[in-house]
Each structure stands twice: as structure tokens, then as C-alpha cells.
Amino acid sequence: MRRRTASLHLPPATIGILGGGQLGRMMALAGRHMGYRFQVLDPTPNAPAAQVADGQVVAAYDDVDAARTLASRCDLVTYEFENVSAAVAAALAETCDVPQGSDLLAICQHRVREKSTLAKHGLPVTPFLPISTLDDLDRAFAHFGGRMVVKTCRGGYDGKGQWMVRSREELVNHTEAWSRVMDQHRAAGFDDHPLIAEAFVPFVGELSVIVARNRRGEVRAFPPAENIHHRHILHLSIVPARYPREMVAQAEEIALLVADRLGVIGLVAVEMFVCEDGELLINELAPRPHNSGHYTLDACATSQFEQHVRAICNLPLGDVTLYKPVVMVNVLGQHVESLRQQMGGFPSWVKVHLYGKAEAKRDRKMGHLNLLADTREEALSFVESCGIWSEA
């Protein structure tokens, strides 16, 4: 087992990644340019990140022994998504450097804990109530005036594990699903809240800001992205965001406060609702690189992935200057064939990023394009006219 090292990690140090998806892949590609080596833990053999790493431990994310095997090969360990086990991260920290620690990971893995922590620090969040019983749901429905969103506290992504409730009938119709979630929660041995109810927010758009912070306390925020979702899956990130300059600056300020008050090391993505009255409310956090930051790969002086490596290794943070307007568009499984057919005729300002996934399933994120046209409007026109996303 490698001994815990000092906070500064220089090449050719080996970085372990818990999780082997596309975020880990792009992190490893960025780090390899800097001279770092990578080991990956993921249950899928030849996972996207493993394809560009120096080795892989094939095991479940909650396998402590396997994680310790990973750590024995590494100088420090990070994670690429927040559904890895916080207990594993805590165990690794006993013998290996885990710059992000496990506290923020544990906070972001549970929506009540996340919202409560943000509210405690005076940060703006959607009004919420923790839910443990079906009676709690009745009380929340009345408290929020008959309109609310109910979410699972653990897991869930791209709209999964969420229910809109706008009537008494919908409240009754979802009872069976909520009962099932509560039973599964208890069966898994969790003693916290299985669900959260949030006030329905009549938002008109969404912004996200990705912030990096290293152990020196240096902080940098990437330009805020305007996000557009289709069926709860991120479709477009538009930068610069098409909102008033004062609102965009406020979003950046909120995200910087999150990084400071929560003691973030590495990256944190802060997703916010833009309300009808101009108020910004934090929807959720992601303590790692984020889909809405993929535009940085081609449009910024430093990508979010290089910045994450810099932050966890305690190097000086990179310049976050935006070189030109950009639109990032996700490529899902149903888009891949059309993309391949048209790729030979793309304009020179289309940058293609595919993730090396073996099977193109519907709604599975297979890649993305960064569109570096002269204007956002030209890039958006390409998305509309090429037909690839006609079935978004």
C-alpha cells in the first residue's frame, strides 16, 4: 500500500478514478497530456475511462477491498460521479490521499442532506420538506398549496425518481411507487429520509456554473452555461448564457460561495433554476466534472477536466477564459447513426467527442458536439437544421 503523500502531486503520479464512464475518460485524457498516469475502478470491463487508462480494477463501486487494491496502485484517488460509495472514499482516505474527502460526497448523495447543508450556509434553495411516510406527503401537499415535486433522496438522474404532483388525484396515483421506494430504502439498511418534497418552482430556464478550488484556497469559476433539457436529459449548453449580465454574474457569485462554504476540493457543478421574477435557486450540486461543462474542452483556455486534475493535485488553477461563443449538444444513442452518416460533411467548427461505449442505447449519452460557430445563433441553427436531433 502506498503511503499517504503530501498534498502536491506532480507527474508522473498515478491518479485513481472511482468510476469508469465518460467523465473519467475525459479526465484521464486531460491528465495524460500533463504526464499523469491513471487507474480506474468500474464494474464494466473495458469501461470508457479504462480504454485510456493504465489499468482497471473490475469491481462494484461499494467493494472496499477492490477500492483498496486501486489505492495501492495510486498516489491519490478521485471520483467521476457521486453515486460511488462515500464509505469507500472514507476508507481509502485512511491510507491514500483522497483530496475531495468523503464529506461532500455524502452530502451530495442525499437530497435532504444537500438542501439542508446549503440552507444552513444561507444559500438560496427551493423550499423543501423531508419525507419518511405517506402522511408526510399529505402534509407536504397541503404545505406547498397542492403543487410539488417529489424526488428520491438517493440515486436518480436525468429525471428518474421524480414525480410532479399538481392534484389530489396525482397524489393518490403515485402512492404505490412511493411506498415501493420507502420499502427499498429500509431494505437497504438506510435510516434517513427516502424522499424529499420540493415546492413547484415556475422557472423559466436553468443555469449551471462549474467552480474549481484547490487546497491552496485558489478558486476559479467557468463562464455560466444556459442549459436546455429534453425529457429531463441535458440537450444543449449555451455559452455565453442568454440572460442579463447581472443575472449571470449573480449565478457565478452563488457558485463561488458554494465552493467556499462547503470547502470544495476539485470541481463542483452548481445547477440553478432561473425563476420568473429573476431569482436564482440552487437545484442540485455535482461534486465532479459535469455534462454542462463539456463546452470547456474546445472553447476555454483550460478544460474542466484539466482543471479538476490541477485542483486535486494542488497545482495552480488554469485560465478559464472563454475564447468564443459555443453550444454543446449531447449525442444520445438514437442520434449516433445519423451523426456518423453526416460527420463527413460537418462544418470545420464542429468538434466531435464520442465516448467509446459499446452499445448505443436509447437516451444513453454516447458523446457530444461542441459547436464553435461565429455566433450562438449559427450554432443553434445547425442543431435545428441537420436533423440529427429531430427525435431529441
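These questions and answers show how the labels on this predicted model follow from its values.

The model is predicted, so local features need pLDDT of at least 70 and side-chain atom pairs count only at pLDDT 80 or more, while totals for chains, interfaces and linings use all residues. Residues are numbered from 1 along each chain as its sequence is written, and side-chain values use heavy atoms, with hydrogens and water left out.

Q: Why is Asn291 called buried?
A: Buried means under 20% relative accessible area, exposed means over 50%, and partly exposed is in between (1.4 Å probe, protein chains only). Asn291 has a relative accessible area of 8%, so Asn291 is buried. Asn291 lies in the loop between strand E14 (280-286) and helix H10 (296-299). Helices (H or I, at least four residues) and strands (E, at least two) are DSSP runs, numbered from the N terminus.

Q: What is Asn291 in contact with, leaving aside its neighbours within four places in sequence?
A: Contact means heavy atoms within 4.5 Å. With those neighbours left aside, Asn291 is in contact with Leu234, Met328, Asn330 and Lys365.

Q: Why does Ala119 count as partly exposed?
A: The relative accessibility of Ala119 is 38%, so Ala119 counts as partly exposed. Ala119 is found in helix H5 (residues 111-120). The C-alpha atoms of Ala119 and Ala91 are separated by 29 Å. Along the chain, these two are 28 residues apart.

Q: What makes the rings of Trp163 and Trp178 an edge-to-face pair?
A: Rings of Phe, Tyr and Trp (its six-membered ring) pair if their centres lie within 6.5 Å; planes under 30 degrees apart count as stacked, over 60 as edge-to-face and the rest as tilted. A search of the whole structure finds five aromatic pairs. In one of them, the ring centres of Trp163 and Trp178 are 6.2 Å apart and the planes stand at 80 degrees, so this pair is edge-to-face. Trp163 lies in strand E7 and Trp178 in helix H8, so the pair ties together parts 15 residues apart in sequence. Trp163 and Trp178 are both buried.

Q: What kind of aromatic pair do Phe203 and Phe273 form?
A: Phe203 and Phe273 are stacked, with 4.3 Å centre to centre and 20 degrees between the planes. Phe203 is in strand E9 (residues 203-213) and Phe273 in strand E13 (residues 266-275). The pair links distant parts of the chain, 70 residues apart.

Q: Are Phe203 and Phe273 buried or partly exposed?
A: Phe203 has a relative accessible area of 37%, so Phe203 is partly exposed. Phe273 is at 10% relative accessibility, so Phe273 counts as buried.

Q: How do you know that Arg154 lies over the face of Phe190?
A: A charge sits over a ring if NZ of Lys or CZ of Arg is within 6 Å of the ring centre and within 35 degrees of the ring normal. Arg154 lies over the face of Phe190, at 3.9 Å from the ring centre.

Q: What makes a set of residues a nonpolar core?
A: The members are buried Ala, Val, Leu, Ile, Met, Phe, Trp, Tyr and Cys residues joined through side-chain atoms within 4.5 Å. The largest nonpolar core here has 39 residues. Tyr295, Leu369, Leu371, Phe382 and Trp389 have the most contacts inside this core. Elements that give two or more residues to this core include E9, E13, strand E15 (326-332) and helix H13 (376-385). The largest share, five residues, comes from E15. A second, separate core of 27 residues includes Leu104, Ala251, Ala255 and Val274.

Q: Why do strand E3 (55-58) and strand E4 (76-79) stand at the edges?
A: Two strands pair if DSSP finds at least two bridges between them. Four strands form an open sheet in the order E3-E2-E1-E4, and the pairing is parallel. E3 and E4 each have a single partner strand, so one side of each is left without a neighbour in the sheet.

Q: How do you know that strand E2 (residues 37-42) and E3 pair?
A: E2 and E3 pair in the parallel sense over four bridges. Gln39 stands opposite Gly55 in E3.
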